[in-house]
Amino acid sequence: MKLNSNLCYCGSTKPYTACCAPYVEGNAPAPTAEALMRSRYTAYTLLREDYLLPTWHTSTRPVSLGLAADVATKWIGLEVKRHEQQDADHAIVEFVARYKVNGRAHRLHEVSRFVREEGRWFYVDGEIS
Ligand SMILES: [Zn+2]
């Protein structure tokens, strides 16, 4: 196993076990909107719809993401540009995620809104720029 393979998928340069794993694998509540956003990116790379749906706010949550069928998309990098705490329970995170579809590179630049309810952060929605 390469050393790199232990690093977290979200690009934090921390080991996966010390970064997103406690949230994605252990159901621990992400302490900040940025931590949740990073863990959700990681969940996309791992096709973990079972993590993505419950961390999506019920008001905007889709029924399904169809990730298992989407084998063409490969996530290749995340850069968090901005994490802005608006009040105790609302935050926005701006990020650029890079991915490839059938070998062709794309980038997703999004400003996402997050809300915290009963101690847990949820993804609400995002504006793609
Ligand atoms: Zn991570």
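Student: What makes S1 and S2 count as paired strands, and which way do they run?

Tutor: This is a predicted model, and in it 12 bridges join S1 (residues 73–87) to S2 (residues 90–101). Pairing calls for at least two bridges, so with 12 bridges S1 and S2 count as a pair. They run antiparallel. As an example of a bridge, Lys 74 has Lys 100 in S2 as its partner.

Student: What links S1 to S2?

Tutor: A hairpin does that, through two residues.

Student: How do you know that S2 and S3 pair?

Tutor: S2 and S3 (residues 104–117) have 12 bridges in the antiparallel sense, so they are a pair. Look at Val 96: it stands opposite His 109 in S3. In the hairpin of these strands, which has two residues between them, Asn 102 takes a positive phi near 50°.

Student: And what makes S3 and S4 a pair?

Tutor: Eight bridges join S3 to S4 (residues 120–128), and the cut-off is at least two, so they pair too. These strands run antiparallel. Val 111 has Glu 127 in S4 as its bridge partner. Their hairpin also has two residues between the strands, and there Glu 118 takes a positive phi near 50°.

Student: Why is Glu 25 called partly exposed?

Tutor: Count its C-beta neighbours inside 10 Å: there are 15. Buried needs 20 or more and exposed needs 12 or fewer. The 15 neighbours of Glu 25 fall in between, so it is partly exposed.

Student: Where does Glu 25 sit?

Tutor: In the loop between helix H1 (21–24) and helix H2 (33–45).

Notes:
Residues are numbered from 1 along each chain as its sequence is written. This is a predicted model: local features need pLDDT of at least 70, side-chain atom pairs count only at pLDDT 80 or more; totals for chains, interfaces and linings use all residues. Helices (H or I, at least four residues) and strands (E, at least two) are DSSP runs, numbered from the N terminus.
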